[in-house]
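Biologist: Could you take me through one part of this protein close up? I would like to hear about the charged pairs, with some of the setting around them.

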Amino acid sequence: MPELPEVETVRRRLAPLLEGATIAHAEIVDPRLTRPVDPGLVADALVGEQVAAVERRGKYLLWRLTSGRTLVVHLRMTGSLRHAPAGELPADAHRRATLGLDTGAEVAYRDVRRFGTWELLDEDHLRPYLASRLGPEPLAPSFTAARLARIVEGRRAPIKAVLLDQRRIAGIGNIYADEALWRARIHPRRPAGELDAGEVARLHRAVRAALRRGVELQGSTLRDYVTPDGDGGGMQHEFHVYGRLGEPCDRCGRPIERIVVAGRGTWLCPRCQRP
């Protein structure tokens with residue numbers, strides 16, 4: 001599933017194309033994308049809307065429209081957005097929606113497994129929608145080590161489970177949780193509330209460093225994720241633990257191991273990240 005760095009990369013690539021443009025025509029062919037709302041109704045509502053801004057909140061893309069409404073896009077597991085500045089999108093059996101802009105450009109949404117969602121919300125519905133689902137942004141200045149300490153305080157759940165809980169911290173998924181915990185030298189199964197102040201500070205730095213590096217390298221391409229231009233990300237070439245079972249740890253040389261934490265495959269160094 002695309003995580004914060006991947007979604008932020010998509011946002012940065014799409015914003016120059018979309019901001020200021022008007023949606024001239026819209027087609028949504030998959031009813032699962034907008035359910036329970038009829039896709040035709042959503043498509044009709046989008047026509048004539050001008051895109052004021054493209055923002056990100058956690059793993060959500062927010063297309064702010066000048067009417068005050070927002071198209072909330074979640075890519076889920078295999079969703080991606082592609083664009084053709086000259087309106088020449090190639091044929092694609094997995095295309096679920098197409099938007100044509102008054103600039104002549106086209107934007108397509110493709111999704112192999114069809115778990116992604118589009119929701120058109122007004123401001124009164126958007127605020128509680130996001131507030132009920134998302135915690136603080138980990139790259140925001142307000143996300144300090146002290147704030148992370150408050151998040152983990154008293155929590156008996158494994159620290160990895162807390163990092164993955166979008167209601168606690170927005171945007172972190174399996175890849176960047178494993179990478180951050182390796183950087184911080186913390187075992188993924190450690191009860192979150194048992195971390196001392198020094199460990200919390202290390203984890204805070206590690207989370208931000210892993211996410212920032214992911215953004216710099218335009219995300220991780222393992223299978224489905226590509227940028228709207230069709231390019232792959234580069235973060236997968238710098239993984240320290242994720243997906244590296246049996247390979248030597250970059251820090252100590254011990255073979256990387258795989259366990260399951262909070263129902264998710266988890267990679268770690270057994271020497272650097274002792275329980």
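Modeller: Happy to, and let's begin at Glu-216, which is exposed because its relative accessibility is 53%, over the 50% cut-off. Please keep in mind that this is a predicted model. The partner of Glu-216 is Arg-213, and their salt bridge has its closest N and O atoms 2.8 Å apart. Both sit in helix α8 (residues 197-216), and because they are three residues apart there, about one helical turn separates them. Arg-213 is partly exposed, with a relative accessible area of 27%.

A search of the whole structure finds 22 salt bridges, so let me pick out a few others.

Arg-110 forms a salt bridge with Asp-92, and here the closest N and O atoms are 2.5 Å apart. This pair links distant parts of the chain: Arg-110 belongs to strand β7, while Asp-92 is in the loop between β5 (79-84) and β6 (95-101), 18 residues apart. Arg-110 counts as buried because its relative accessibility is 15%, under the 20% cut-off. Asp-92, by contrast, is partly exposed at 25%.

Another salt bridge brings together the side chains of Arg-64 and Glu-55, at 3.0 Å from N to O. Both ends are partly exposed: Arg-64 has 22% relative accessibility and Glu-55 has 32%. There is also a network of salt bridges, which links Glu-8, Arg-11, Arg-12, Arg-56, Arg-57 and Glu-137.

Now for the setting. Strands β2 (51-57) and β3 (60-65) are among the elements that the buried residues of helix α4 pack against, together with β4 (70-74) and β8. In α4 (residues 123-131), the buried residues are Leu-126, Tyr-129 and Leu-130. Seen down the helix axis, they fall within an arc of 85°, so they line one face of α4. On the other side of α4, Asp-124 and Ala-131 are exposed.

The surface has a nonpolar patch too, formed by Met-1, Met-77 and Phe-115, with about 270 Å² of accessible area together. Phe-115 lies in the loop between β7 (106-111) and β8 (117-121), and it is partly exposed at 36% relative accessibility.

Stepping back, the protein chain has eight helices and ten strands, and 53% of its 275 residues are buried.

Terms used: Residues numbered from 1 in each chain as written. Predicted model: local features only at pLDDT ≥ 70, side-chain atom pairs only at ≥ 80, totals over all residues. Heavy atoms only, no water. Patch = residues over 30% accessible without salt bridge, like charges linked within 9 Å, V, L, I, M, F, W, Y side chains within 5 Å. Areas by Shrake-Rupley, 256 points an atom, 1.4 Å probe, with all protein chains shown as cover. Salt bridge = Lys/Arg side-chain N within 4 Å of Asp/Glu carboxyl O. Helix = DSSP H or I, 4+ residues; strand = E, 2+ residues; numbered from the N terminus. Buried < 20%, exposed > 50% of the residue type's maximum accessible area, 1.4 Å probe, protein only. Arc of directions from axis to C-beta. Contact = heavy atoms within 4.5 Å.
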